[in-house]
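Biologist: I am new to this structure, and I would like to go through the terms used for it one by one. Could you set each value against its definition as we go?

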Amino acid sequence: MTKYIIGFFTFLGSVIVIWLIYLYAEIRFEIDKIVHYKPNLTTQFFDKNGELVANLFEKEHRLYVKYDDIPPQVIEALVAIEDTQFFEHSGVNTDAILRAIIKDIKARKLVEGASTLTQQLVKTLLLTREKKITRKIKEALLSLRLETVLTKEEILERYLNQVYFGHGYYGIRTAALGYFKKELFELNLKEIAMLVGLPRAPSFYSPTKNMKFSLVRGNQVVNRLYSLGWINNKELEEAINYTPIVYDETLTLNKAPYVIDYAMNKLGADIPDLKYGGYKINLTIDLQAQELARKSLIYGYEKIKQRDALYKDKPDYEDFTQTLNGGLITIESKTGKILTLVGGINYKESNFNRVIQSQRQPGSAIKPFIYQVALNLGYSPATSLVDISRTYNYTVGDEEKVWQPKNYEENYTGLITLREALIHSRNLATINLVNDMGIDVAYKGLKSFGIENIPMDLSITLGSFSISPFDMAKAYTLFSNEGIQVEPYIVNSITNFEDQTITFQTEETYVTPPEQAFLITSILHETVDRGTGRLARVKGLEIAGKTGTTNQNVDAWFCGYTPTLQTVIWYGNDDNKPMRKSETGGRSAGTVFAHFYTNYLKIHPEIKKTFDKPEGVYDSIINGKKEYYTETSKLPEIKSAKEIEAGREF
């Protein structure tokens, strides 16, 4: 009988051993996922000063930390509360298992686990959380195998980066920054204790949900450290009595959503793992300036609304601002780096980026380019232009039509200098200038400046085509960057998880000599001082700029620049319906330019405030006034009105 019993148990033991060997052989390669650990990581965007703009992630918000950057006290606290013998066992703690088995037998069910940190890591990455004997055996076998492949430090690094800490935070560094706004090395003992106590029940112990229970759990960790002799009495009392400040914030922390959308759009095609590759992306944005720009755009929006509301008491009142919105972009003139990008009044209501995506008529904001074409042909700022009305007949299909353009002020001066015509945005003088140059010449000139979708007719002079504020900003660098256009860009550099960095450079296109571009700057400077851009003036800062107002006040623009920065502002209704006649580019957008730069000077008083005159620009007195000229744009002889009408010679 004894022989049969021994045989039975020998057979049973053999079966179990064979089964374990089979089970081990089946799962032993599964640890590759832990050995070659590559979790989904959060990509972070930073502004030019290193301030966080936003977190971008797909499923899990995780900020990786290497073992060498984890403070020793974090390791001590974790081991103390979760696995005191971690550095002594081989992946499975047999003493703890025996204690758990005894308690389970007494309760006649699984009531206590005995998982080591290694087993917890295996369970988190490879197995389910169900309490079944087969799962526990797999867990133990994989843990024993894992400890033969990885060091204790490597296991801890993976554990502290993988496990969930509540509130959507994966990994201890993510939790430290999220709950306390601190890096790991900045944490005190109580904060460390609260964090390492979270993995046991992250949702329950989360300080943003149950601060009271989180503090109690943290105190358990502190007391455990004290009972082990790993902290002294003073450290115990300080930690027990300390209550940290806990932050309850969104995971993305997106401070500039229009900026992030645009950056993602630019990078997404080239970086397929953008949302989970753990990139560090340094943007050109200045967050302080971005916030000022956002507030300035809202300021202008509210002013337009207030002016419209003045008509509410009238019986025939109609709201001209039902779909009112706006956009603002600021760039460094010489580099094209985008400092601010506000694509709308309220991102939550509309994520449509009007700076990038909208196509609006520029109106008179296009005129400086037409005048640049003229100057490059040999006209000068002192050249006389004809400011009189003309009637144009044209045919659409079989129908004859008449076009009789007017000046905004509905008056005529007869003769006006090129400078004064642009300063006061005279439509008729500009139309006659284009007629004089030739429509084809003006058309080719604008095309050479990178302006697209322009018509081959006289309406080109009034900006009767569509362009985005972004493209307008690019085009205006012709003036603000002394004849060299730059491509606006928003990403300074990208660093991947392996610390490899790609840096982006300015893209330049030479368009016209600096002395020729300066002639326009000198005119646009006066446009702000005493012309249509007067409302954009800022005390102590030289500004050049041009207003733009389209037919029926559908669009209102101000495109302006200082010696180093350039800003384009646009307002209009999203449905292209007119605003009130009072909403000109100067009033609607020019005032916002002034509002923004007045506040910008408060945070950046060091910026350059006066324009430089490049070599090749000369000045002389003509008709009692100082005027600039160049070798290309020489000052004309003074002619009579009769001579002007007969034909202009240079």
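Modeller: The accessible surface of the protein, in what is a predicted model, comes to about 31300 Å², and 51% of that area belongs to carbon and sulfur atoms.

Biologist: What makes a residue count as buried here, and how much of the protein is buried?

Modeller: A residue is called buried if its relative accessible area is under 20%, and 51% of the 650 residues of the protein count as buried.

Biologist: Which residues have the most contacts inside the largest nonpolar core, and what makes a set of residues such a core?

Modeller: The residues of a core must be buried, be of kinds such as Leu and Phe, and be joined through side-chain atoms within 4.5 Å. The largest set of this kind has 77 residues, with L283 and F369 having the most contacts inside it. Helix 19 (residues 469-480) gives the most to this core, namely seven residues. Apart from it lies another core, of 54 residues, which includes A175, Y179, I192 and I231.

Biologist: What does L283 touch?

Modeller: Leaving aside residues up to four places away in sequence, L283 touches several residues, among them F45, F46, V53, V259, I260, I490 and V491.

Biologist: Why are strand 2 and strand 14 said to stand at the edges of their sheet?

Modeller: The sheet is an open one of five strands in the order 2-1-5-13-14, with mixed pairing. Strand 2 (52-56) and strand 14 (501-503) each have a single partner strand, so one side of each is left without a neighbour in the sheet. The twist averages 15 degrees from one strand to the next.

Biologist: How do you know that strand 13 and strand 14 are paired?

Modeller: Pairing asks for at least two bridges between the strands, and three bridges join strand 13 (residues 491-495) to strand 14, so the two count as paired, and they run antiparallel. The bridge partner of S493 is T503, in strand 14.

Biologist: Why is helix 15 called roughly perpendicular to helix 18?

Modeller: The axes of helix 15 (residues 367-377) and helix 18 (residues 439-448) come within 9 Å and cross at roughly 105 degrees. Angles of 65 to 115 degrees count as roughly perpendicular, and therefore helix 15 is described as roughly perpendicular to helix 18.

Biologist: Which residues meet where helix 15 and helix 18 are in contact?

Modeller: From helix 15, F369, I370, V373 and L377 meet V441, A442, G445 and L446 in helix 18.

Technical notes: Residues are numbered from 1 along each chain as its sequence is written. This is a predicted model: local features need pLDDT of at least 70, side-chain atom pairs count only at pLDDT 80 or more; totals for chains, interfaces and linings use all residues. Side-chain values use heavy atoms; hydrogens and water are left out. Buried means under 20% relative accessible area, exposed over 50%, partly exposed in between (1.4 Å probe, protein chains only). Helices (H or I, at least four residues) and strands (E, at least two) are DSSP runs, numbered from the N terminus. Contact means heavy atoms within 4.5 Å. Accessible areas come from the Shrake-Rupley method with a 1.4 Å probe; for residues, only the protein chains shown count as cover. Axes are lines fitted to C-alpha atoms, for helices over the stretch in contact, and angles run from 0 to 180 degrees between N-to-C directions. Angles under 35 degrees count as roughly parallel, over 145 as roughly antiparallel, 65 to 115 as roughly perpendicular and the rest as oblique.
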